[in-house]
Amino acid sequence: MAKPQVVVAPVLMSKLSVNAPEFYPSSYSSNYTESYEDGCEDYPTLSEYVQDFLNHLTEQPGSFETEIGQFAETLNGWVTTDDALQELVELIYQQATSIPNFSYMGARLCNYLSHHLTISPQSGNFRQLLLQRCRTEYEVKDQAAKGDEVTRKRFHAFVLFLGELYLNLEIKGTNGQVTRADILQVGLRELLNALFSNPMDDNLICAVKLLKLTGSVLEDAWKEKGKTDMEEIIQRIENVVLDANCSRDVKQMLLKLVELRSSNWGRVHAASTYREATPENDPNYFMNEPTFYTSDGIPFTAADPDYQEKYQELLEREDFFPDYEENGTDLSGGGDPYLDDIDDEMDPEIEEAYEKFCLESERLDCSMWDLVS
């Protein structure tokens with residue numbers, strides 16, 4: 001009798017090599033990473049080096065902390081003339097105002113370079129040239145706010161970048177104290193005037209974004225100086241809601257902004273403890289309350305004067321769960337043929353599997369407690 005043959009699976013030889021280059025997903029560009037490790041030697045011009053780094057930061061903002069030091073060090077060896085510094089400022093400005101999600105990162109980058117670039121020519125250091133570049137756009141604010149759609153879009157990007165600069169650009173005094181640039185505070189006030197003076201929808205939306213971004217900081221700064229600028233801005237918004245021909249959605253945005261400001265920009269007062277908080281002393285008292293609706297579809301919360309009456313009406317509405325009790329039992333008498341066919345008992349196989357699952361869960365919990373103890 002012939003012996004059974006043993007089938008041996010063929011041995012597949014891998015073509016992978018330990019010397020193979022690193023793998024990168026198709027959407028990931030490794031050009032910058034490779035060149036970055038070699039410094040700026042692979043870049044023929046300053047413009048290409050800076051633009052590549054800006055694009056890299058745009059795609060991977062989390063790399064800012066680990067790579068900004070090397071970037072600044074490289075720039076100190078390359079940016080040695082007035083023209084090179086001007087070119088650097090322009091490249092960062094254009095990236096921050098043309099890429100919507102780069103305005104914040106651009107402001108952080110500007111703050112870092114303003115403290116770490118060593119070049120300080122007669123024409124001005126990095127921060128001074130940056131503010132001069134912003135002033136060029138600022139001086140045409142009135143024309144830009146009433147310009148065509150493309151002009152306004154570019155103007156709005158500048159406004160939001162300036163807001164980020166105000167929050168992130170630090171100026172160190174002779175005694176080491178850190179302050180914000182007051183000139184930007186004045187500039188933002190005038191930019192808001194330009195936007196509200198031309199109450200088109202996109203201008204008003206830009207104003208709302210700017211105030212959500214900087215409103216709390218601006219109001220604190222104005223209050224310290226005894227100014228009432230924020231009160232004037234809120235009054236301006238209320239006038240726009242009443243008189244301007246803006247869309248209903250934009251008016252709702254403006255009203256929500258006024259509401260946000262009335263709650264101290266959403267900041268919780270630490271002075272009022274939970275037990276002491278009342279609607280009178282805590283503007284955030286009703287912020288986390290749920291919203292209910294009357295039978296007419298009108299929203300109301302606990303802040304509504306008629307809250308108790310409306311809430312009771314909600315509970316008594318007969319059509320809230322028609323024909324069903326809380327446990328889902330049909331009260332109509334007809335019965336549901338689908339529900340009637342459902343048996344409360346488990347299939348034996350399912351029941352056995354469920355018991356095993358419960359036992360495994362108990363063992364896992366015990367093991368976890370053993371590790372913790």
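A residue counts as buried when its relative accessible area is under 20%, as exposed when that area is over 50%, and as partly exposed in between (1.4 Å probe, protein chains only). By that rule C110 is buried, because its relative accessible area is 0%.

This is a predicted model: local features need pLDDT of at least 70, side-chain atom pairs count only at pLDDT 80 or more, and totals for chains, interfaces and linings use all residues. Residues are numbered from 1 along each chain as its sequence is written, and side-chain values use heavy atoms, with hydrogens and water left out.

## The chain as a whole

The protein chain has 373 residues, and 32% of them count as buried. Its secondary structure comes to 15 helices and four strands. Helices (H or I, at least four residues) and strands (E, at least two) are DSSP runs, numbered from the N terminus. The accessible surface of the chain is about 25000 Å², and carbon and sulfur atoms hold 51% of that. Such areas come from the Shrake-Rupley method with a 1.4 Å probe; for residues, only the protein chains shown count as cover.

Contact means heavy atoms within 4.5 Å. Take the contacts in the chain with a separation of 6 or more: residues 24 or more positions apart account for 59% of them.

## Cysteines

How many disulfides does the structure hold? It holds zero. A disulfide is a pair of cysteine sulfur atoms within 2.5 Å. C110 is in no disulfide; the nearest cysteine sulfur belongs to C134 and is 7.7 Å away. Another cysteine, C246, counts as buried at 9% relative accessibility.

## The nonpolar core

A nonpolar core is a set of buried Ala, Val, Leu, Ile, Met, Phe, Trp, Tyr and Cys residues joined through side-chain atoms within 4.5 Å. The largest one has 74 residues. Those with the most contacts inside it are L75, L88, L113, F126, L165 and I237. Helix α10 gives this core its largest share, nine residues.

L113 shows how such a residue is surrounded. Leaving aside neighbours within four places in sequence, L113 is in contact with F71, A72, L75, L88, I92 and F126.

## Aromatic rings

A pair of aromatic rings is described by the distance of the centres and the angle of the planes. Rings of Phe, Tyr and Trp (its six-membered ring) pair if their centres lie within 6.5 Å; planes under 30 degrees apart count as stacked, over 60 as edge-to-face and the rest as tilted. The structure holds six aromatic pairs. Two of them are set out here.

| Pair | Centre distance | Plane angle | Type |
|---|---|---|---|
| F53 and F71 | 3.8 Å | 5° | stacked |
| F155 and F158 | 6.4 Å | 35° | tilted |

F53 lies in helix α2 (residues 46–59) and F71 in helix α3 (residues 64–78), so the pair ties together parts that are 18 residues apart in sequence. F53 is buried, at a relative accessible area of 0%. F71 is buried too, at 0%. Y43, Y49, F53, F71 and W78 form one aromatic cluster.

F155 and F158 both lie in helix α8, three residues apart, about one turn of the helix. Both are buried. An α-helix has 3.6 residues a turn, so residues three or four places apart point the same way.

Helix α9 covers residues 182–197, which makes 16 residues. The expected span of a helix is 1.5 Å times one less than its number of residues.

The contacts below leave out neighbours up to four places away in sequence.

Is H156 buried or exposed? H156 is buried, with a relative accessible area of 11%. Its place is in helix α8. H156 is in contact with L195, D202, N203 and C206.

E137 sits in helix α6. It is buried, with a relative accessible area of 15%. E137 is in contact with Y93, R154 and F158.

H116 belongs to helix α5 (residues 103–116). At 37% relative accessibility, H116 counts as partly exposed. H116 touches A72 and N76. H116 and A72 are 44 residues apart in sequence, yet 6.7 Å apart in space, C-alpha to C-alpha.
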